[in-house]
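Please read it alongside the sequence and the 3D view.

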Amino acid sequence: MTKPSLPDLLHAAVSAVGGTERPGQVAMAEAVAEAIDDNSHRLIQAGTGTGKSLGYLVPALAHGERVVVATATLALQRQLVERDLPRTVDALHPQLRRRPQFAMLKGRSNYLCLHRLHEGAPQDEEDGLFDQFEAAAPTSKLGQDLLRLRDWADETETGDRDDLTPGVSDKAWSQISVSSRECLGATKCAYGAECFAEAARERAKLADVVVTNHALLAIDAIEGAPVLPQHEVLIVDEAHELVSRVTGVATGELTPGQVNRAVKRSAKLVDEKVADALQTASESFERVMELALPGRLEQIPEDLGYALMSLRDAARNVISAIGATRDKSVHDEDAVRKQALAAVENIHTVAERITNGSEYDVVWYERHDRFGATLRVAPLSVSGLLREKLFEDRSVVLTSATLKIGGDFNGVAASLGLSPEGVEGDDVPLWKGLDVGSPFDYPKQGILYVAKHLATPGREGTRGDMMDELAELIEAAGGRTLGLFSSMRGAKAAAEELRGRLDNPILLQGEETLGELIKNFAADPKTCLFGTLSLWQGVDVPGPSCQLVVMDRIPFPRPDDPLMSARQKSVEEHGGNGFMAVAATHAALLMAQGAGRLVRASGDRGVVAVLDPRLATARYGSFLRATLPDFWYTTDRNQVRRSLAAIDATAKADGK
């Protein structure tokens, strides 16, 4: 039997999902197939509208070996598992003569734990467990959520939190879920045979395509104990997010509250002397943290060093003692013991890591008005880890709408531990970059407007000229505005000011759930939506409801961001340009994602307005602009108002 051709398979899949075949999608599919056949690596930039999911799924399914697809967002995971994969498998079945299996796999805490549900959660204050359903008032929001979870547990086939609609609060979910460290293990648990998390892992072992997230991919790489099944091909979608997700997984933290909970959970499981030592260490750590000022700790202060060594040593003794004692008077002793161990082990790990003082770690204090001080430690770079763990023994394809920063792939490649394209050497994974373009005609569909006449934004203070400009642009556009702000403070200030000046409804992130805000924004063209980071990447509103995307300023990291400033300094110490490598690259990625909110379909028209003159005047402006879609560029304020008014008039004439 002749092997079906890739173009024929792609055509069948695209027809099945009701899409349109695009040259960029064909080029992408061919590059993915080549990488899989050669066991090599690809970085592929595929603009919005390319159909990149099918561009990698079709060659992956055709190849026949197990593939792991890792994405950053739940929305894309659901799209793949609920829409793209079922239709693609059905479409390819007649030609492939087989029906590839697929499965979703997430971290354990994403699945309902039957042991927690039926036996209760270990208490902090005393022995035994408490029934969370009895403890929460049935009239309270928490009580209602828990009762709904109990009913859902009898109906759900997956136990996956994302299959519960509407969702519940993090607090409610934490009552009926466990982390991997707290889990008893299937063989020791009375509910092991019915466990949802174990069932998901078993399905993944049998699947040809496993859809997971960046965080689980990072855990699989960092912790050494394999979470994902063996696979020959790894496809990382939304790959511009990977470094920050891996950094997040590799970041440790300690707070007095967290240490205190560990003390309470372990106190009744060990003898008094061992428990008292951890209590004393906890109290000295809390005293140090009360005086902590936000910022990086290039040297660990003496008092903090002593407190951490005491915590480390006391935690180690508690871990040994918990392992050596049994107490049958404790109800569901294994669960109580496992939760206490998880809490104390985390404290030991983080305290030891900071006291060891690796030159590759960054340590800093953060302060929160409500929660007090937090001590954090994160890797200066994850590039070495990714080079070692990601690119060995499998073919890796990384794809996103934004992988070329400042015009080439080398910046993103360096953050992944790769050498510049084409450079060979020992232990250097070879890779190729491919930009398959976009099906959209950006110069005809959009305008990039830089408000060159505005004052350069300062660190503090209101920007009266910026508010005036924003109000005039919104009026010209007839609403239809997505406002992307570099801080929540800026978004709130703009919403408050313009609610008093304009007739247009202004929605503000945080005042409703993100899904609800986006739904309301899309439903009414007069409405504006203002917000911060998650809106820069998470809004997909094609059509006339979003015809003006405004960025209040270039989103450089804050100068006092300890991790970013440490990374910048490290690049400079090695002879590089720290500002361009870290701050400008960070801003370019965000701006490209933000600008990508404007044109989501071939009929979309509009303006991306950047209210920061530095994009036009600063030396790094051309680097940032090279990362953005190729919109028609202007600094003429009158021209842009006329264009917005014309786009608004056309939409109204079409009844939108």
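In this predicted model, the side chain of Thr627 comes within 2.7 Å of the backbone nitrogen of Gly406.

**Setting of Thr627**
- Thr627 belongs to helix α26, which covers residues 621-627.
- Thr627 has a relative accessibility of 9% and therefore counts as buried, the cut-off being under 20%.
- Beyond its neighbours within four places in sequence, Thr627 contacts Lys404, Ile405, Gly406, Ala588 and Ala592.

**Gly49**
- Gly49 sits in the loop that links β1 (41-45) and α3 (52-63).
- With 32% relative accessibility, Gly49 is classed as partly exposed.
- When residues up to four places away in sequence are not counted, Gly49 touches Arg22, Pro439 and Phe440.
- Gly49 and Ile176 are 127 residues apart along the chain, and their C-alpha atoms are separated by 39 Å.

**Backbone geometry in loops**
- A cis peptide bond runs from Thr165 to Pro166, with omega near -10°.
- Pro166 is placed in the loop between α7 (141-155) and α8 (170-174).
- Asn39, which is not a glycine, has a positive phi of about 55°.
- Asn39 occupies the loop between α2 (23-38) and β1, and its relative accessible area of 47% makes it partly exposed.
- Arg97, also a residue other than glycine, has a positive phi near 60°.
- The loop between α4 (74-96) and β3 (102-104) holds Arg97.
- Arg97 counts as exposed because its relative accessibility is 61%, and the cut-off is over 50%.

Conventions: Residues numbered from 1 in each chain as written. Predicted model: local features only at pLDDT ≥ 70, side-chain atom pairs only at ≥ 80, totals over all residues. Heavy atoms only, no water. Helix = DSSP H or I, 4+ residues; strand = E, 2+ residues; numbered from the N terminus. Buried < 20%, exposed > 50% of the residue type's maximum accessible area, 1.4 Å probe, protein only. Polar contact = N/O pair within 3.5 Å; in protein donor to acceptor, adjacent residues only side chain to side chain. Contact = heavy atoms within 4.5 Å.
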